[in-house]
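Subject: Structure for your review

Dear colleague,

Please find below the structure that I am handing over to you.

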Amino acid sequence: MVRVMDCFLMEGVKVLYRVAIGILYHFTKMETFLEASVATAVSEHVRSLELSPARLMKKAFAIRNFRSAEIKSVTVKTTFDMKSNKIPRSGSSDSLPASKGPLDIPNSSRTITVKEGSVQVNLNNLKSSALSKEDLLGLWQWLPARITMQEPMLVYTTDEDGCSLSTFYHKVEAYEPTLLVLKATSGEVFGAYSSTAWIVRNKKDERGERQRYFGTGETFLFSLQPLMTRYPWVGIKGRVPHAAELFMHGDNNMISIGGGEGTGIQIDGDLRYGKSERCLTFENEPLVSGGDFEVSVLEVFAFAMV
């Protein structure tokens, strides 16, 4: 276990995937698993595993073509398929919250409680100048299941914090994930679910240069007004070129979400003006008519455990 953790700290989460697959490969060589449920058999197999750390790691690292990008792509695709009910949940995970929980909306429409499994999230106290209750409920259905069990909180708004990119970073960069919501002066409401903390923009690559783009395939664009539409990452459907993996960008002059032959959302350093174009990463339509927009209000929401 110590050796596995050492490798994990050096090379990241893909080491854990390799080790897990290595154990499962060894498990399939045994015949005893046919006598009991797979879950029980795997659990017993792990407890009685006689592989030495050296042999286990050798099996794990013998797996070829196991790239981090491929892991992310498969993970996001599987999550998307489960949320679309294309992949049934196993009996052992029946107690897990579904991606769409029932909505408890009294006729008075004064209170909103979203139930996810045994967790209730109260959305009544969420203040927003951009989102109506209907917008919020619609948006909630698009979030990853684990996020819907957390309570949203407003961490930045141009109405109170001013139009400053440096203030934006200071207020939001420590949170992961975040919801960026924009209301244009034309009345359109749109935005992005940002899967990665904005502070990652400062990370440097192996050449010592800041990453130009960052984020994961959980990132998506959305439009709420006048039409409610979600644009997930195109990589969910299969392999895509690098130009379709441009999720998030941030520097001292602007922020953007989505790239490749256009920019999904781009906002200037004053957080006053922006544009929305079709881009390869999300294959979205422009989120505002005409493409260019003036910001009426920009809000960012983070999530806290209930």
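The notes that follow cover strand pairing, the nonpolar cores, selected residues and the aromatic contacts.

This is a predicted model, in which local features need pLDDT of at least 70 and side-chain atom pairs count only at pLDDT 80 or more, while totals for chains, interfaces and linings use all residues. Residues are numbered from 1 along each chain as its sequence is written, and side-chain values use heavy atoms, with hydrogens and water left out.

Strands and their pairing

Helices (H or I, at least four residues) and strands (E, at least two) are DSSP runs, numbered from the N terminus. Two strands are taken to pair if DSSP finds at least two bridges between them. Buried means under 20% relative accessible area, exposed over 50%, and partly exposed in between, with a 1.4 Å probe and protein chains only.

Strand β5 (residues 178-184) has six of its seven residues buried. On one hand, β5 pairs with strand β6 (residues 189-194) in the antiparallel sense over six bridges, with Lys183 opposite Val189 in β6. The hairpin of these two strands has four residues between them, and Gly187 takes a positive phi near 100° there. On the other hand, β5 is joined by six bridges to strand β13 (residues 292-305), and the two run antiparallel. Leu180 has Val300 as its bridge partner in β13.

The pairing continues from β6 to β7, which are antiparallel over five bridges; Gly191 stands opposite Phe222 in β7. Strand β7 (residues 220-225) is mostly covered, with five of its six residues buried. In turn, β7 pairs with strand β8 (residues 229-231) in the antiparallel sense over three bridges, and a hairpin of three residues joins β7 to β8. Phe222 has Arg230 as its bridge partner in β8.

Nonpolar cores and an enclosed helix

A nonpolar core is a set of buried Ala, Val, Leu, Ile, Met, Phe, Trp, Tyr and Cys residues joined through side-chain atoms within 4.5 Å. The largest core has 37 residues, of which Phe168, Trp198, Ile265, Ile267 and Leu298 touch the most other members. At least two residues of this core come from each of β4 (150-157), α8 (165-172), β5, β6, β10 (254-257), β11 (265-268) and β13. The largest share, five residues, is that of β13. Apart from this core lies another, of 19 residues, among them Leu126, Trp140, Val189 and Phe303.

Helix α6 (residues 133-140) is largely enclosed by the rest of the structure, because six of its eight residues are buried. These are Asp135, Leu136, Leu137, Gly138, Leu139 and Trp140.

Selected residues

Contact means heavy atoms within 4.5 Å. Leaving aside neighbours within four places in sequence, Trp198 is in contact with residues including Phe168, Tyr169, Phe214, Met248 and Ile257. Met254 and Leu271 are 17 residues apart in sequence and 8.1 Å apart in space, C-alpha to C-alpha. Thr157, in strand β4, is buried with a relative accessible area of 4%. Not counting residues up to four places away in sequence, Thr157 touches Gly162, Val297, Leu298 and Glu299.

Aromatic contacts

Rings of Phe, Tyr and Trp (its six-membered ring) pair if their centres lie within 6.5 Å; planes under 30 degrees apart count as stacked, over 60 as edge-to-face and the rest as tilted. By this rule there are ten aromatic pairs. Trp142 and Phe222 form a tilted pair, 6.4 Å centre to centre with 45° between the planes. This pair links distant parts of the chain, 80 residues apart: Trp142 is in the loop between α6 and β4, and Phe222 in strand β7. Both Trp142 and Phe222 are buried.

The rings of Trp233 and Phe247 are edge-to-face, because their centres are 5.3 Å apart and their planes at 70°. Trp233 is buried at 5% relative accessibility, and Phe247 is buried with a relative accessible area of 6%. Tyr156, Phe168, Tyr169, Trp198 and Phe214 form one aromatic cluster.

A charge sits over a ring if NZ of Lys or CZ of Arg is within 6 Å of the ring centre and within 35 degrees of the ring normal. The charged end of Arg201 sits over the ring of Tyr169, 3.5 Å from its centre, and Arg230 lies over the face of Phe220, at 4.6 Å from the ring centre.

Yours sincerely
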